[in-house]
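Dear colleague,

Please find the structure below, handed over for your review. My findings follow it.

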Amino acid sequence: MTLIKSISGIRGTIGGRPGQALTPMDVVSIAGAFGIWLQKSGANKKLVIGRDARISGEMVNQLVVGSLMSVGVEVIDLGLATTPTVEMAVTDMNAGGGIIITASHNPKNWNALKLLNSEGEFISDQDGKEILQLVEDKDYIYNEVDELGTYAKDETYLDQHIQHILDLDLVDVDAIAAADFSIAVDAINSVGGIAIPRLLKALGVNRVTEINCVPDGHFAHNPEPLPENIVEISELVKKEKLDLGIIVDPDVDRLALVCNNGTPFGEEYTLVSVADYVLQHSKGSLVANLSSTMALREIAEKHGCEFFESAVGEVNVVREMKKQSAVIGGEGNGGIIYPELHYGRDALVGVALFLTYLAKSKMTSCEMRATYPDYKIEKQKIELEGVVDLDGILEQVRRKFMDYLCHTIDGLKIVFPEGWVHMRKSNTEQIIRIYAEATTEKYAKDLAECVKQLMKNQN
């Protein structure tokens, strides 16, 4: 049983005791407090909600709707909807905020409430603390019968989201259609099974093979789009000699790709390729989080643009993007943020931009991947159980590497001549993440193992 409260939302496992998992009582109290907080902050009473296809989604959805209505909120329910679709609907509908019911890449026994402000962006850490304080203090009153909120369903907004993408200057539908791509899609039995095939059809892609696209929440494999979890689509692309494989996570804010020879394009290189395309046409800065590949800096420099790093977490990346007037940004987990559309990770716009670049380049996906460096990333973790003073442990590690550049805005990142290692507490799980990248797989593993042992010795 787990309940985690962070800038990434309030998420937990289904079933258990209140306060120790995401139980009905937790859902009701958090949704109600959010509705009250929005109104106290001056936002209007309209609020957009949507959910991925998790088995628990309908139950959580009904709890959220009832709780919001009980505090006078006008609820617009998009039904099964991607995270970026809900984000865009908030601003298009002039809503005061939004709630996305999804646990993103977590397994099927998890769910979560992701909270959006009136800009369709994740609320800040400070706003989140105020809402959680409301929950703890129970400092609000439910409305009487004549002041209850309203409920309306609108399952049409995905088409508007897609149309906004088609209208972008850097999306060329004619070029994509002329390329006559053959593409496989693995949507992990969630809303991507609705959204991605519909987008591809709108982009003129007529040869689409769907696997795991029935949105029933029974995930066919681990939902995080890592190489070990996408074997089925990789084998399909190779066997059928398809041009590309597209994989999304359950709420469609992360995009992974498979090359035409069946090898993973690399989740890290989704943003690399899209940034390469965007910066060719729109000069401006590129922003990514500290755990993203160093190939991004090279791409920015290639186009004469600046590269900036932020703390991990979409809200942090967005904040830095606005500060630096970035034209493209995101996270190395396949999260594309294209502000020309909206400030949120969006796999749909990532697909459209990537396919446009692929079509215009006249390269195969394998050939395009070969144009980028082949850096190796090692991802490890340490369970938080027994860790008392993480900041103190990281400080001891930093002192051992004082001769190297160290970033401390989010845990500790140490930059070496041919690689880097980043240690930080996860926003979504009770673990310490250790990411290392280097010019060789052995060097990356050695970096990760080195700091892992140092951290264990300090605890």
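**Salt bridges and domain contacts**

Asp374 counts as partly exposed, at 47% relative accessibility; the classes are buried (under 20% relative accessible area), exposed (over 50%) and partly exposed in between, with a 1.4 Å probe and protein chains only. Its partner in a salt bridge is Arg369, with an N to O distance of 3.3 Å. Arg369 is buried, its relative accessible area being 13%. A salt bridge here is a side-chain nitrogen of Lys or Arg within 4 Å of a carboxyl oxygen of Asp or Glu.

Please note that this is a predicted model, in which local features need pLDDT of at least 70 and side-chain atom pairs count only at pLDDT 80 or more, while totals for chains, interfaces and linings use all residues. Residues are numbered from 1 along each chain as its sequence is written, and side-chain values use heavy atoms, with hydrogens and water left out.

**Further salt bridges**

The whole structure holds 26 salt bridges. One of them joins Lys129 to Asp125 at 3.4 Å, N to O. These two residues are about one helical turn apart, because they stand four residues from each other in helix H4 (residues 125-137). Helices (H or I, at least four residues) and strands (E, at least two) are DSSP runs, numbered from the N terminus. Lys129 is partly exposed at 49% relative accessible area, and Asp125 is partly exposed at 38%.

A further salt bridge connects Asp159 and Arg198, whose closest N and O atoms are 3.2 Å apart. This pair links distant parts of the chain, 39 residues apart: Asp159 belongs to helix H5 (residues 157-166) and Arg198 to helix H7 (residues 192-202). Both are partly exposed, Asp159 at 41% relative accessibility and Arg198 at 35%.

There is also a network of salt bridges that links Lys114, Asp251, Asp253, Glu314, Glu331 and Arg345.

**Domain 2 against domain 3**

The protein chain is assigned domain 1 (3-154), domain 2 (161-371) and domain 3 (376-457); such bounds come from an automatic or database domain assignment. Between domain 2 and domain 3, the C-alpha centres are 27 Å apart. Twelve residues from domain 2 and 15 residues from domain 3 take part in the contact, where contact means heavy atoms within 4.5 Å.

The two domains bury about 1,100 Å² between them, 56% of it on carbon and sulfur atoms. Buried area is the accessible area (1.4 Å probe) that two parts lose on being put together, summed over both. Of the area that domain 2 buries against domain 3, Leu290, Ser291 and Met294 supply 50%, more than any other three residues.

The interface of domain 2 and domain 3 is crossed by two salt bridges. Glu268 and Lys379 also form a salt bridge, with their closest N and O atoms 4.0 Å apart. On the side of domain 2 that touches domain 3, helix H9 (267-281) and strand E13 (307-310) are the elements that give two or more residues.

**Helix H3**

Is helix H3 mostly covered or mostly open, and which residues are buried? Helix H3 (residues 83-92) is mostly covered, with eight of its ten residues buried. The buried residues are Thr83, Pro84, Thr85, Val86, Glu87, Met88, Ala89 and Val90. Just after H3, Asn94 has a positive phi of about 55°.

With kind regards
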